[in-house]
Amino acid sequence: MGFLGGTAIATLVFAFAHSVSQVIAINAAYTFFIAATIPIPILIITKVFRLEDWDYAIGKFNEIGGWAWVLGLIAGLLLTPVLGIRGGTFIALGVIGLLSFPWGGKKTIREVPLHIDRKILGVYAGYVVEKFRYLPNMITHLPRFSTKGFGRLYFSSFLFWVGAMLYFTQFPVLLKSRGFGATHLYLMSIGNSTISAFMYTRVGLKLKKSGGGYLALIRGLSVRAFAFSLLAVSTLIEGQVFVLFAFVSYFLAGYTWAYIGISTTSIISRFAPPKERGALIGTYNMISSLGAIAGNFLSGFLTEGLVLP
């Protein structure tokens, strides 16, 4: 629950940013907390639901989060003209985010109580000394990551996020160069998120019936490759045809994310050893984040070197 609170606080801090560097720093903290929350709900789902219901439960969870994301986009669109983008909107959205902390921590997620009889443990004379003796091991030793057979999946996810960020970071630039403003892009983002939210549970049900996520993953990646190619073709076209191609491309990007996100999580959850499931999902998120970072940097360098004069 601390990660949820951190996300809400980071949103509030955006209201006090006065430079690009401050926005980047706050966004880094915001993204860290979001990424840190991803593995935890999946672990809770795999512990609470039966194996045959995992795909549906994961899809349903993502659908709820997806619709909440859409409502957040709509709320931001409506609040910004009234409260202003710099202060009021971020404060309002941050306060809404803070509501998840007491609700999730006290009403929804309950920790299993652990009762320890300290009389059985006894008293050891060197206990405190031994604690300090082994403290450096926790600081100087880096964690070990094991792919446990998911190496190819991790590598493909890295490449996927590199390509995704090459697409998404330059999509607003492309629209702006064709005369479209922030409102058009915002509405397209709402449409993109809406189709993802609509498809999450439906994809989960398909995976539950098929008993595996590899076919869904291949389908999602194939359709997304077509969507990205469609946008590339649209850059050679002017007028209404460009608008149509760009809209369909962005629409398909949202549609395919439901297949890719749910199927990947399902694959790791099903085939990972129970005791290492959390670590493997966390490693997947780490590698995906590294791919997104690499894609963002590569996108900027390519645009500056190949497009800008």
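**Surface, fold and helix H12**

The chain has an accessible surface of about 19,300 Å², and 72% of this area belongs to carbon and sulfur atoms (Shrake-Rupley method, 1.4 Å probe; for residues, only the protein chains shown count as cover). The model is predicted: local features need pLDDT of at least 70, side-chain atom pairs count only at pLDDT 80 or more, and totals for chains, interfaces and linings use all residues. Residues are numbered from 1 along each chain as its sequence is written, and side-chain values use heavy atoms, with hydrogens and water left out.

The secondary structure consists of twelve helices and zero strands (DSSP runs numbered from the N terminus, with H or I over at least four residues for helices and E over at least two for strands). Of the 309 residues, 33% count as buried (under 20% relative accessible area; exposed is over 50%, partly exposed in between; 1.4 Å probe, protein chains only). Among contacts (heavy atoms within 4.5 Å) between residues at least 6 apart in sequence, 80% join residues at least 24 apart.

Helix H12 spans residues 277-307 and includes Asn285. Asn285 counts as buried because its relative accessibility is 10%. Leaving aside residues up to four places away in sequence, Asn285 touches Ala35, Ile38 and Pro39.

Leu290 also lies in helix H12, but is partly exposed, since its relative accessible area is 44%. Together with Met286, Ile293, Phe297 and Phe301, Leu290 makes a nonpolar surface patch of about 520 Å². Patch residues have over 30% relative accessible area and no salt bridge; like charges are joined within 9 Å, and nonpolar side chains (Val, Leu, Ile, Met, Phe, Trp, Tyr) within 5 Å. A salt bridge places a side-chain nitrogen of Lys or Arg within 4 Å of a carboxyl oxygen of Asp or Glu.
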